[in-house]
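Here are my notes from going through the model you sent over. They are in numbered points, starting with the overall picture and then moving to single places.

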Amino acid sequence: MKNTLKQLSLFALALTMTLVSCREEESVFIEGPQDETLAANSNIAGLLQNTAAKDGSDDNIIDNASCISIELPVSVIVNDLEIIVDSPEDFETIEDIFDEFDDDDDVLEIIFPITIVLSDFTELVINNLDELEDFADDCEGENEFDDDIECADIKYPVTASVFNSNNEVIDTITFNNDQDLYEFVDDLDEDDVVQINFPVTVILFDGTEVQTSNLDELEDILDDAKDDCDEDDDNDFNDDDCDNCTTNQLSEVLVGCTDWSVDKLERNDEDLEDLYTGYRFNFANDGTLTADSSSETFSGTWETNGSGNNIAVVINIPNLSDFNATWNLHEIEQDGSESDVDLRMGDDRLRFESNCSGAGDGNNGGDDNSGADDSGLVQVLTSGDWYVTNYFDDVDETALFDGVVFNFAADGSGTADDGSTITNGTWSTSSGDETALELNLNFGTSNPFDELEEDWDVLEATDDIIRLKDISGGDGTTDFLTFERNPGSNGNGGSDLDTVLVDGLWTVSSYLDDGNNETNDYNGFTFDFEADGSVVADNGSAINGTWASQNGDNKLVLDFGDVMPLDEFNDDWDVISISDTQIELRDVSGGDGGVDTLIFVKQ
């Protein structure tokens, strides 16, 4: 861009300038205020580039380097077990294998060749470990200061205007993702006259969105965000398990669950848990605790203070000195049948476990390890009968639950009535793997209800529909489960696809490409479906496509030609659910069996 602006005339530039594929040319003549110009090598330019830089810390458990990323899928051998890592969830699988035993040597071997992505989005093929280590050595060490800003993100799309020497707009550029913005700032020249079009929204690490109206405000926000959070630039994938933990949450879990046993106790490199087999620990709200063995009872005290990853747990049991210390809370983990509280003190470790799904043993959905609010889900779940209108486990198995009526009670119990037999079950909530909440279901081992025994991520919960998904920790496949209040004949709530689509504008609320979240690629797009089978996708410029419904509204065929990124939508989509405000679609690849999901919501 910098050479083009220097060498070409305005007329030639307006005809030929093709900075990036997302640019669109205009011939609007307005004044470009020089004090709002994004100048090359300025502080704000550097902050924008560092915010947009590719973060390489997510996969540190594989490459031990925060300034590079490994392009997925990649095959690794972890403690002699080969794993195909094709989504970030598989990083947790690696950690689980590492954490399974505390006294073994954990070994991870990468199967080469691989492709790495540098912080400037350059992609390189790496053929062996020596080549990878050469690039890793250029990164800063664990948790050391580096340039990239991970505590803030730019909300896309963002546009900028390029001016000539007469302050006339000669090009308008749209940035749809970090790479677009990074490469643009990287190419800025001191002679370029560029103005960011405000407002620009910044998403902070806690999810807060801040809108800025000029360069000074944007600079202040990004500058303040540089050191506002733990960027997790260490090599343990999920060692910061308690970023959002609170002392109240810990107290609710410890007091709400009863009969805690010692799953792990290590002091001074000695494993001591076997000494306390059969002991049961109970924590009270008043700060007292008891430890009961088969023959005697020991009394003591406990207290907590701090927040996040710095919560201290002080235990004092006068006659059980192995437990007495000021421990640091490492993790609270809960699922449908068990709760664990993991405490650390240097290399020493204490882990309690209880056969309890959450505080109060699952009443009203129990509790979770992120403080997520489950009140909305609990309210709709317990307010009437539900029917399964979609169950997908590699193949569509919805028919397994035809005619079954599900009812969930506030005490954590549930029933499934097929008209002849009532099957009893339980439910609870906890923190989700990919969403704020999980719905944990258990209706026993009888067919087909054993299919439902999973920790389901909650995608949506309204008065009429609850949509869930689960990603297998084994082969990485994705299962989907949908409950609806009043299912129609096609499992679509009785809504008609043709009628719903043409009524208003639609946006993409979720697009998962074989489990990879690519929703941000469609930020700023609106979709206008016309009754004649045409559709216009608009993000500042109009892109024409076609749509058609097939097989009684169970199929939606989309075609946007070869225009990126909309070409991703070119397919015959299965219609999973339809409401007046939302349409959920799914496509299963005929080649590798990958599952894509696309959700439109009405604007």
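1. Overall make-up. Of the 603 residues in the protein, 46% are buried. Keep in mind that this is a predicted model. The protein has eleven helices and 39 strands. Among contacts with a separation of 6 or more, 51% are between residues 24 or more positions apart. The exposed surface comes to about 28,000 Å², with carbon and sulfur atoms supplying 41% of it.

2. Confidence. The average pLDDT of the protein is 80, and 81% of the residues score at least 70. Two stretches deserve a flag. Over residues 359-371 pLDDT stays under 50, and the model has 51 contacts beyond four places in sequence for them. Residues 488-494 also stay under 50, with 18 contacts beyond four places in sequence. Where pLDDT is low, the predicted coordinates should not be read in detail. I'd keep that in mind with both sets of contacts.

3. The disulfide. How many disulfides does a search of the whole structure find? One, and it joins cysteine 67 to cysteine 139, with an S to S distance of 1.8 Å. The angle about the S-S bond is -75 degrees, so this link is left-handed. Cysteine 67 sits in the loop between helix H4 (60-63) and strand S1 (68-70), while cysteine 139 sits in the loop between helix H6 (129-136) and S7, so the pair ties together parts that are 72 residues apart in sequence. Are the two cysteines buried or exposed? Cysteine 67 is partly exposed, at a relative accessible area of 25%, whereas cysteine 139 counts as buried at 11%.

4. Helix H8. This helix covers residues 215-225, and its buried residues are Leu215, Leu218, Leu222 and Ala225. They span an arc of only 100 degrees around the axis, so they are on the same side of H8. An α-helix has 3.6 residues a turn, so residues three or four places apart point the same way. Asp216 and Asp224, on the other side of H8, are exposed. What do the buried residues of H8 pack against? Their partners are helix H3 (43-52) and the strands S7 (152-154), S10 (193-196), S11 (200-204) and S12 (209-212). There is also a detail at the start of H8: a side-chain oxygen of asparagine 214 comes to within 3.1 Å of the backbone nitrogen of aspartate 216.

5. Helix H9. Here, in residues 247-256, the buried residues are Gln249, Leu250, Val253 and Leu254. Looking down the axis of H9, they fall within an arc of 125 degrees, so they line one face of the helix. The cover over the buried residues of H9 includes strands S15 (280-283), S17 (297-305), S18 (312-316), S19 (325-334) and S20.

6. Aspartate 342. S20 comes up again here: the strand runs over residues 339-345 and holds aspartate 342. This aspartate is buried, with a relative accessible area of 4%. What does its side chain pair with? The side chains of aspartate 342 and arginine 349 are joined by a polar contact of 3.1 Å. Apart from neighbours within four places in sequence, aspartate 342 touches Asn328, Leu329, His330, Glu331, Arg349, Leu350 and Arg351.

7. Aspartate 385. You'll find this one in strand S22 (residues 385-393). Aspartate 385 counts as partly exposed, at 35% relative accessibility. Its side chain makes a polar contact of 3.0 Å with the side chain of asparagine 407. Its contacts beyond four places in sequence are Val405, Phe406, Asn407 and Arg485. Aspartate 385 and arginine 485 are 100 residues apart in sequence, yet 6.4 Å apart in space from C-alpha to C-alpha.

8. Aspartate 411. This residue lies in the loop between strand S24 (405-408) and strand S25 (413-417). At 53% relative accessibility, aspartate 411 counts as exposed, with the cut-off for that label being over 50%. The side chain of aspartate 411 makes a polar contact of 2.6 Å with the side chain of serine 413. From C-alpha to C-alpha, aspartate 411 is 9.4 Å from threonine 382, and the two are 29 residues apart in sequence.

How values were computed
Residues numbered from 1 in each chain as written. Heavy atoms only, no water. Buried < 20%, exposed > 50% of the residue type's maximum accessible area, 1.4 Å probe, protein only. Helix = DSSP H or I, 4+ residues; strand = E, 2+ residues; numbered from the N terminus. Arc of directions from axis to C-beta. Contact = heavy atoms within 4.5 Å. Polar contact = N/O pair within 3.5 Å; in protein donor to acceptor, adjacent residues only side chain to side chain. Disulfide = S-S within 2.5 Å. pLDDT = per-residue confidence, 0-100. Areas by Shrake-Rupley, 256 points an atom, 1.4 Å probe, with all protein chains shown as cover.
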